[in-house]
Each structure stands twice: as C-alpha cells, then as structure tokens.
Amino acid sequence: MHDESKGTYGTPRLHAELRARGRRHSRKRVARLLRAAGRAGRAPKRWRTTTIPDPAATTPADLITRDFSCSAQEINKRWCGDITYIHTWEGWLYLATVIDLGPRRVVG
C-alpha cells in the first residue's frame with residue numbers, strides 16, 4: 001500500500017487503510033514495520049515566503065480608496081491589478097492581471 005500511494009502514506013493512513021480492508025493491526029505495529037523496512041510517509045512541503053517587503057519603502061497611495069464598485073458604463077476608468085503564484089511541474093509561475101472594474105474584464 002505504501003508503494004501504491006507513491007510513498008505518500010505514512011503510519012496513520014496505512015493503519016486506516018488496513019482497517020478499511022478488514023486487517024486488524026495496531027498503529028504502533030504498522031509504524032515499527034515501516035521503520036524496519038526503511039520507509040516513511042512524505043509530508044507536504046512547508047510554505048516559504050517568496051517576497052520580503054522593504055521596510056523603508058513608502059506605501060503607494062490608494063487612489064480608489066478600496067471601493068471596487070462601479071457601473072458597467074464606466075469602461076476604462078478604474079483598473080486594478082493582482083499577482084498570484086501557480087505551482088506547476090516545472091516550478092512556480094507568476095500570473096499578473098489587470099482588471100477593468102467597470103465590466104469586470106481582464107485587460108492585461
């Protein structure tokens with residue numbers, strides 16, 4: 001079962017899977033057998049902060065005063081942007097978007 005899970009299952013998941021299949025073993029026995037086989041479950045990677053702000057930098061002015069509402073007729077009057085991180089097989093990608101607040105469409 002450890003190999004079927006590509007090495008991600010550790011003692012708690014293996015113990016739960018064994019119980020679901022009708023096998024009665026203690027959690028400590030499963031842990032001991034995993035250790036004896038030299039195997040362990042994989043934990044997800046910790047989140048790392050990728051951007052560290054400059055403490056001496058000034059905060060830019062909030063020109064729309066956090067008011068994101070506007071009518072659909074106000075095209076090309078108010079834009080806002082956002083950046084997000086997307087994890088892919090090749091690493092992290094950064095997606096930056098600019099949205100027109102009137103029609104709520106991506107401009108760039």
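Is H15 buried or exposed? I looked this up in a predicted model. H15 is buried, since its relative accessible area is 15% and the cut-off for buried is under 20%.

**Entry: around H15**

I placed H15 in helix α1, which covers residues 11–20. I then checked its side chain and found that it reaches the backbone oxygen of H25 at 2.9 Å. Leaving out residues up to four places away in sequence, I listed H25, S26, R27 and V30 as the residues that H15 touches.

**Entry: the sheet**

I traced an open sheet of 3 strands in the order β1-β2-β3, with antiparallel pairing. β1 (79–88) and β3 (105–106) are at the edges with a single partner strand each, so one side of each has no neighbour in the sheet. For β2 (residues 91–100) and β3, I noted 2 bridges and an antiparallel run. I also noted that I99 stands opposite V106 in β3.

**Entry: aromatic rings**

How many aromatic pairs does the structure hold? I found 3. One of them is Y85 with W92, edge-to-face, at 6.4 Å centre to centre and 85 degrees between the planes. Y85 also pairs with Y94: the ring centres are 5.2 Å apart and the planes are at 80 degrees, so this pair is edge-to-face. I noted that ring pairs link W47, Y85, W92 and Y94 into a cluster.

I then looked up accessibility for three of these residues. Y85 is partly exposed at 31% relative accessibility, and W92 is partly exposed with a relative accessible area of 42%. Y94 counts as exposed, because its relative accessibility is 54% and the cut-off for exposed is over 50%.

Methods
Residues are numbered from 1 along each chain as its sequence is written. This is a predicted model: local features need pLDDT of at least 70, side-chain atom pairs count only at pLDDT 80 or more; totals for chains, interfaces and linings use all residues. Side-chain values use heavy atoms; hydrogens and water are left out. Two strands pair if DSSP finds at least two bridges between them. Helices (H or I, at least four residues) and strands (E, at least two) are DSSP runs, numbered from the N terminus. Buried means under 20% relative accessible area, exposed over 50%, partly exposed in between (1.4 Å probe, protein chains only). A polar contact is a pair of N or O atoms within 3.5 Å; within protein, one must be able to donate a hydrogen and the other to accept it, and residues adjacent in sequence count only if both atoms are side-chain atoms. Contact means heavy atoms within 4.5 Å. Rings of Phe, Tyr and Trp (its six-membered ring) pair if their centres lie within 6.5 Å; planes under 30 degrees apart count as stacked, over 60 as edge-to-face and the rest as tilted.
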